[in-house]
Every structure is written in C-alpha cells, then in structure tokens.
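Q: I have a model open and want to learn how to read it. Can you take me through a few features?

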Amino acid sequence: VDQRLADYRKIWDSKPVLREVYHDYYKRILQACNSGLTLEIGGGSGNIKERIPNVISLDVLHASWLDVIADAQKLPFKPNAFQNLILFDVLHHIENQNLFFKEASRILKPGGKIIMLEPGITPLSWFFYNFLHQEPVILNIDPLAHNSIDPERDPYDSNQAIPTLMFGKYQNAFFNTFPEFKIIQKEWLSLFAYPLSGGFKKWSLIPPKTVLPLLKFEEVLLPYIGKFAGFRLFVTIEKNS
Ligand SMILES: C[S@@+](CC[C@H](N)C(=O)[O-])C[C@H]1O[C@@H](n2cnc3c(N)ncnc32)[C@H](O)[C@@H]1O
C-alpha cells in the first residue's frame, strides 16, 4: 500500500467531521450518476465506496482497497465501457488533461457522464488555497496546452486552478477541443463546513454535529455568493448520444 494513501485512510477513520462533509459530496455525486457501470478515477484512500455502490476504483498508486492500478492518461478499458466516470479532487492532479479527456471520451458510452468535484478558485477561496494550502494555485496557464509526460512525476503534484480555468475562462476552448461533450451541470459549493472542517488535515474548527445545519445554511447562500466565496466546483459533462 502506498504510504500516503494509508495515512489518508487513517485520518478518514479518525475524523467524523470529515466523513460528515464528504458524505454530502458523495450524495451529490451519486445523484449526478447515470445508472450503469461507474469508474472512479484517482480513488486514493477509497472512501467513496462507503456511499456509491459497485463503483470500480482506479488509481495510479497502489492500495489493497483499489480495483485497478492504472494511469488516467492511458486507461486499460474497451471503448464504450462505462456510464459514469467520477473524479473527486483528481482532475487538478492529472499531468495532461487532454490525454485524460481523450481516454474518457473513448471509454464512455454515448450519454455517459464525467462527474468532477474539485477545488474551486473564487476570490475568497483563492486566499486560503494560495496561502494556507500546500498545493499551488497557478492561474496564468492554459489548461489545454499539451504538457509532456514525465514518468517520474509525483501523482500528488497539482495545480488547484485547473478545474476553474477549464470550466471557466477556457470552457469554450474545451468544448471546441472536445465537441463530443456538453456541460450539463456547473455549481459552486462549500462555503463554511468544508473549509472549517480542515478537510484531510488533522485539525477541525467545528464539531461533527454542526455540519448538517451549516450545509443547510450554505444551500440558501450558494446561489448568491457561491462564485465569490465557494471552495469547490462541481461539474458534470455528458458525452453526446
Ligand atoms: C487528492 S487525491 C484524491 C483521492 C480521492 N478521490 C479522495 O477524494 O479522497 C488525488 C488522487 O489522484 C491520483 N492520481 C493522480 N494522477 C493520476 C493519474 N494520472 N492516474 C490515476 N490516478 C491519479 C493520486 O494518486 C491520488 O490518489
């Protein structure tokens, strides 16, 4: 087992507030799924299996709870194999998103979906992600520019700005490059509960029982202030039938 995945799994097991926050995310992801075969890309510590039944979990790192060890940029599946691909905090870790979306387009059935729940960069979250988080936020790049593939690259290397750029400033360029996809959902999420929970960090500023009331309160505010203060971006795209 990769040591980092084992460490994240330990934090998951010992942190009820994190599980409360993530179970809400899993519920949203499940609601976005088609019925049929689902592949999770970048399954990591494997927690999504608690809420999403029959998901096949893939990661480039090894762990006993994962089903397939492979690279998202070269997927070992036949064409038209899946109804759903789930990426939870993974798109911004992939080195070359172009290669991934080509593969995704190949292995998805017509009408199949790519469901992505990722960091979202807003004026408020930028401040926190930029100054208080170890992963970089690099906004002045073109996420569709081809990068070379470095076999020595750490799969935890990332640019947290990629999802926001890809489905914001570069959204038209994305759908020109991948005309077989259309966007069916784009939402800003996570105002208080997620950042205050500390995520996979060891600390939390809130007790588990405050999570559900906070999420209810967020639901009311998100349509108004999500794009200025949300910490996450939830995007679903669909392959044309
Ligand atoms: C931040 S973790 C997210 C893990 C999990 N989805 C979660 O929400 O807890 C990112 C994961 O993506 C994986 N990853 C990064 N690049 C990948 C690639 N090219 N192919 C497959 N998995 C990759 C990493 O190994 C890591 O487990």
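A: One caution before we start. This is a predicted model.

Q: Do β1 and β4 run parallel or antiparallel?

A: Parallel. Strand β1 (residues 38-41) is joined to strand β4 (residues 82-88) by four bridges.

Q: Which strands pair with β7 in the antiparallel sense?

A: Look at β5 and β6. Strand β5 (residues 108-119) runs antiparallel to β7, with seven bridges between them. Proline 119 has arginine 232 of β7 as its bridge partner. Strand β6 (residues 181-189) is also antiparallel to β7, over eight bridges.

Q: Why is β7 described as largely enclosed by the rest of the structure?

A: Count its buried residues, where buried means under 20% relative accessible area. In strand β7 (residues 232-239), eight of the eight residues are buried, so the strand is largely enclosed by the rest of the structure. Then check both faces. Arg232, Phe234, Thr236 and Glu238 point one way, while Leu233, Val235, Ile237 and Lys239 point the other way. All of them are buried.

Q: Which residues make the nonpolar surface patch?

A: Leu124, Trp126, Phe127, Phe128, Phe131, Leu132 and Leu139 make a nonpolar patch of about 660 Å². Take leucine 124 as one member. Leucine 124 lies in helix α4 (residues 123-132). Its relative accessible area is 37%, so leucine 124 is partly exposed.

Q: Glutamate 218 is buried; which side chain of opposite charge is nearest?

A: Glutamate 218 is found in helix α8 (residues 211-229). Glutamate 218 has no salt bridge. The nearest side chain of opposite charge is that of arginine 28, 6.4 Å away. A salt bridge would need a nitrogen and a carboxyl oxygen within 4 Å.

Q: What does the side chain of glutamate 218 reach?

A: The backbone nitrogen of leucine 191, at 3.2 Å.

Technical notes
Residues are numbered from 1 along each chain as its sequence is written. This is a predicted model: local features need pLDDT of at least 70, side-chain atom pairs count only at pLDDT 80 or more; totals for chains, interfaces and linings use all residues. Side-chain values use heavy atoms; hydrogens and water are left out. Buried means under 20% relative accessible area, exposed over 50%, partly exposed in between (1.4 Å probe, protein chains only). Helices (H or I, at least four residues) and strands (E, at least two) are DSSP runs, numbered from the N terminus. Two strands pair if DSSP finds at least two bridges between them. Patches are made of residues with over 30% relative accessible area and no salt bridge: like charges are joined within 9 Å, nonpolar side chains (Val, Leu, Ile, Met, Phe, Trp, Tyr) within 5 Å. Accessible areas come from the Shrake-Rupley method with a 1.4 Å probe; for residues, only the protein chains shown count as cover. Lys and Arg count as positive and Asp and Glu as negative; His and the chain ends are not counted. A polar contact is a pair of N or O atoms within 3.5 Å; within protein, one must be able to donate a hydrogen and the other to accept it, and residues adjacent in sequence count only if both atoms are side-chain atoms.
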